[in-house]
Amino acid sequence: MNKLITSLMMATLLCFTNVALAADHETNNHHTDKKAFKVTELKPGFQFLQGKGGNILLSTGKDGLLIVDSDYSEMTPALQETLASYKSELKYVLNTHWHGDHTQGNKALGKTADIIAHDNVYLRLNSHQEVKLFNMVSKPYPADALPDITFDHSLTLRFNDEIIKALHLPNGHTDGDSVIFFEKANIVHMGDHYFSGMFPFIDVGTNGSVSGVVKNIHDISDEIGDDTIVVPGHGAISNKEELLAFRDMLVGTSNEIEMMMKQDMSLEAMQEKGLSEQWKVWGKGFLNEKVWISIVHSSLTKDAAKQ
């Protein structure tokens, strides 16, 4: 079975390499080479920052500045320039998970700010990691870039007159993901548990799974209201209704792929057949349909191997 999973990962990598990814600029226009941030005020004291990598949420107030995620290293000068405009000190950086498009800014910002993340984020940032789908290698981060404060299940921080709660969601996008609740403001940052309006990347290689994301979103939906501002890891600002539509897409596409697997179709045959028409719109963003099929196929195969 290990050989099967390895071959599936290689097939996924080859698929990603050989299939052109169509970027939908209306849905995914923050993934650009421009080294600047688009800043949108969500509420007084809360700014939504879109750069090149994962979306950043900024809290400003009497206690200073706090950000959720820190983008790529190449975006750090632009991020520092944006933060400097608020004439206050950055006190905290919360990382939703370990991937570089959400954590590389730690390397500069962590010299003066405290970094908070789940225990597994510390472990992965402090060791050699790979994301085979993107042919990406992550070397151990320097000490300043590692989380100073880590937690197992949850953590509560009182800052800028807010109650900020970080909750670990196991085996979803990775094995170290957290969602960040700002209770008074009624805002939640979902990290990469949510790619708004597009097929997501799920890191099966670091113990993520499609079924885990579905379960975690289902659980989180009970904790947020229809009027909660939902910040996705990638894509536009969203809400509970759209988050649940994303969950339903994960369920629907997984069911279709599982049915094809039960018919003993090869990965290539499934990609050739494709998904139902209702899911086509989700392939106009970060990943196209063929790559998404390969991710779900890999995730379902790994789930089956555990049983």
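Buried means under 20% relative accessible area, exposed means over 50%, and partly exposed lies in between (1.4 Å probe, protein chains only). With that scale, Phe-286 counts as partly exposed because its relative accessible area is 24%.

This is a predicted model, in which local features need pLDDT of at least 70, side-chain atom pairs count only at pLDDT 80 or more, and totals for chains, interfaces and linings use all residues. Residues are numbered from 1 along each chain as its sequence is written, and side-chain values use heavy atoms, without hydrogens and water.

**Aromatic rings**

Rings of Phe, Tyr and Trp (its six-membered ring) pair if their centres lie within 6.5 Å; planes under 30 degrees apart count as stacked, over 60 as edge-to-face and the rest as tilted. The structure holds 8 aromatic pairs.

| Pair | Centre to centre | Angle between planes | Type |
|---|---|---|---|
| Phe-134 and Phe-286 | 6.0 Å | 35° | tilted |
| Phe-195 and Phe-286 | 5.8 Å | 25° | stacked |

Phe-134 and Phe-286 are 152 residues apart in the chain. Phe-195 and Phe-286 are 91 residues apart. Phe-134 is partly exposed, at 28% relative accessibility, whereas Phe-195 is buried at 1%. Ring pairs link Phe-134, Phe-195, Phe-201 and Phe-286 into a cluster.

**Charges over rings**

A charge sits over a ring if NZ of Lys or CZ of Arg is within 6 Å of the ring centre and within 35 degrees of the ring normal. Lys-52 lies over the face of Tyr-72, 5.5 Å from the ring centre. Lys-107 has its charged end over the ring of Tyr-141, at 4.6 Å from the centre.

**The sheet**

Helices (H or I, at least four residues) and strands (E, at least two) are DSSP runs, numbered from the N terminus. Two strands pair if DSSP finds at least two bridges between them. Strand 9 pairs with strand 6 (residues 114-118) in the parallel sense, over 3 bridges. There, His-118 has Phe-151 as its bridge partner.

Strand 10 (residues 154-159) runs antiparallel to strand 11 (residues 162-168), joined by 6 bridges. The covered face of strand 10 holds Leu-155, Leu-157 and Phe-159. Its uncovered face holds Ser-154, Thr-156 and Arg-158.

Thr-253 lies in helix 8 (residues 240-262). Thr-253 is buried, at 0% relative accessibility. Contact means heavy atoms within 4.5 Å. Beyond its neighbours within four places in sequence, Thr-253 contacts Phe-199, Leu-275, Trp-279 and Trp-292.
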